[in-house]
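Here is a short report on how parts of a two-chain structure are arranged. Look at the structure first, then read on.

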Amino acid sequence: MIEKAIKTQGLTKRFGDLFAVEDFDLEVEVGTVVALLGPNGAGKTTIVRMLATLLAPDGGRAWVAGHDVVREAGRVRELISLTGQFAALDKNLTARENLVLMAKLRGRRGRDAGAVADQLIERFDVVDYRDRLVKNLSGGERRRVDLAAGLIDRPQVLVLDEPTTGLDPRSRQVVWSTIRELVLDGVTLLLTTQYLEEADALADRVVLIDRGRQVAAGTPAQLKGQVGQPRVDVVAADSAAFEQLVELLRRQFTITPLSEQRTISIAAPELAADLARVASAIEAAEIGVDEIALRRPTLDDAFLALTGHTSQVPEPEESAVAR
Amino acid sequence: MSVITATPPAQRGPGRFLRDTALLTWRSLRAIPRVPERLLDVTIQPVVFILLFLYVFGSAIHVPGINYKDFLFPGIIGQSLAFGIIGAGVATSNDMTEGVIDRFRSMPINRLSIITGQVMGQFCEQVLGVTITVAVGLALGWSPHLTFAHGVELFALMALGLFAFTWCGVLFGMLVRTPDAMQGAGFIVILPLTFMAGTFVPIAGMDAIPRAIAEWDPISALVASVRGLTTPGAQAGGSWQLDHPEVAMALWCVLILAVCVPLALRRFNRTLAA
């Protein structure tokens, strides 16, 4: 039997009365990318910190490449590399000094450590700012040094906790392409994210987490499939046109009119064929529209459908349970 | 990728511990030239106190049988050693909030070395601070009357004191939530203690309550030891501890270390909430 890169069974962590993670099961196959997706406070960081031996579970068990994270913590630390939410670098050292230090702490001697650092500097395109202090680097630059530091001695399992939180869109693209390259190299990657598009863009499998529990899991396409049909959205040019369109389209299609946005949503199970039918009907009736577009459900829709709320931290609710 | 994939065999045992400690001490020391204001924090205060008490309040303070400079400088040295608690605490709580500590903890290194590296780095930084304070004292005309034997004893006692205070500061630094809290607590608790320790005025003249505290607080044992060693005949007296300040100081250090070291290690291993 091939060992799972990561496996958890009933993993639980409490902080006081609050279950940060509750009865959490996860399996990550070797060489795949799994994203833990959830809003802030869903328990993602707690899960990865338990896997990286930084936090002891209160219940359940977890294994990295078959090694128990509690009983064989030392071995797990040799196999896993965690790059946390906040750059895990010494800000008073230069980029290169950080990499050399990490290499030495992983047991390499002077020149060898320097060679490893220089290789990573090349590979992650850190050359231009290798000798600048980390505290003077931009967020995106830090992230790259951080990712490089996580790859010294090529860990079997790489864990990235919210790798692009707080980055501008351009830096995010750079980090994504770096991650994609790592994946092509065959590293097993567990990543956490609040961004649906990030999970969609990078992961083979997505695990949706809400309030410490798994709410759904599957490929990005499967999750979107759970939310329902693709649709065609028609935006009317003005409210008169909107009324006309509702009259016209309800005869032929299943529609959901949204008068405030002057938008009519039409179920489109046949995708482009439905789009063409809608467009030609409108064309023939000569009604003014601003936009006609085919929409597939997004992971955002999936989140809403599966958790009953959007991907924002809900206000704590007053407990209605009898005392 | 060839160099990256070849993992060297993991080294274990005490050799590994010493190597990791040395690497992490180096890491802390690198911060000194790059955050010079931190060193300034531990030196500027003693210097301000020297100037204030030598040239502002000093003329109103008369300590019988001793030149005020000889009285003041041992006090300032004791105080700046005690301020090492605050310095080490602030630096540690700063460091513990950094992601880099998490990275170290998730790496296959000796965990104890993370904390000993921190202590050693802080210790060296404080030594530098105290050295500057002493140098300022000497430049302003303080001339300690030291025999060689007393010099060695003084040096050993200061090093031991600083070592104990550093551990204490590192422990506090891990217990508080923010560097500001450490700074605040330091000024509420440690600053008054250093003032009561016979630092600037003799303990004998204090009111009953501060005198009772001063007679038994470790900082006054330290101040009395430094004073006794640098100025022959300048014995404070008043309690067993002040009659035998060197022995008392050594015992205090052993006690502080015996309490703080295991607590600091335990605190570090008990993972902080995510």
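In this predicted model, helices α6(B) and α7(B) lie oblique to each other. Their axes cross at roughly 130° and come within 9 Å. The crossing of α6(B) past α7(B) is right-handed.

On the α6(B) side, the residues that meet α7(B) include Ile115(B), Val119(B), Phe123(B) and Val130(B). Among those supplied by α7(B) are Met158(B), Leu162(B), Phe163(B) and Trp167(B). By class, the residues of this contact are ten nonpolar, five polar and no charged.

Helix α6(B) also packs against α3(B), which covers residues 36-57 of chain B. How are α3(B) and α6(B) oriented to each other? They are roughly parallel, with an angle of about 25° and axes 9 Å apart. This crossing is right-handed. Residues of α3(B) in the contact include Leu39(B), Val42(B), Pro46(B) and Ile50(B), while α6(B) contributes, among others, Glu125(B), Leu128(B), Ile132(B) and Val136(B). The contact has eight nonpolar, five polar and one charged residue.

| Helix pair | Angle between axes | Distance between axes |
|---|---|---|
| α6(B) and α7(B) | roughly 130° | within 9 Å |
| α3(B) and α6(B) | about 25° | 9 Å |

Chain B also touches chain A: 33 residues of chain A are in contact with 26 residues of chain B. Helices α1 (44-51), α2 (73-79), α3 (95-105) and α4 (110-123) of chain A each supply at least two residues of the side that touches chain B. That side of chain A has 16 nonpolar, eight polar and nine charged residues.

Chain A is divided into domain 1 (6-218) and domain 2 (228-296), according to a domain assignment. The centres of these two domains of chain A, taken over C-alpha atoms, are separated by 44 Å.

One residue of chain A can be followed in detail. Leu294(A) is part of strand β14, residues 289-295. Is Leu294(A) buried, exposed or partly exposed? Leu294(A) has 16 C-beta neighbours inside 10 Å, and therefore counts as partly exposed. Leaving out residues up to four places away in sequence, Leu294(A) touches Pro230(A), Val232(A), Ala268(A), Leu271(A), Ala272(A) and Leu275(A). Asp274(A) is 20 residues from Leu294(A) in sequence, and their C-alpha atoms are 9.0 Å apart in space.

Technical notes. Residues numbered from 1 in each chain as written. Chains lettered and ligands numbered in written order. Predicted model: local features only at pLDDT ≥ 70, side-chain atom pairs only at ≥ 80, totals over all residues. Contact = placed C-beta atoms within 7 Å. Helix = DSSP H or I, 4+ residues; strand = E, 2+ residues; numbered from the N terminus. Nonpolar A, V, L, I, M, F, W, Y, C, P; charged D, E, K, R; others polar. Buried ≥ 20, exposed ≤ 12 C-beta atoms within 10 Å, placed from the backbone. Axes fitted to C-alpha atoms, helices over the stretch in contact; angles between N-to-C directions. Parallel < 35°, antiparallel > 145°, perpendicular 65-115°, else oblique. Left-handed = near helix turned anticlockwise from the far one by under 90°.
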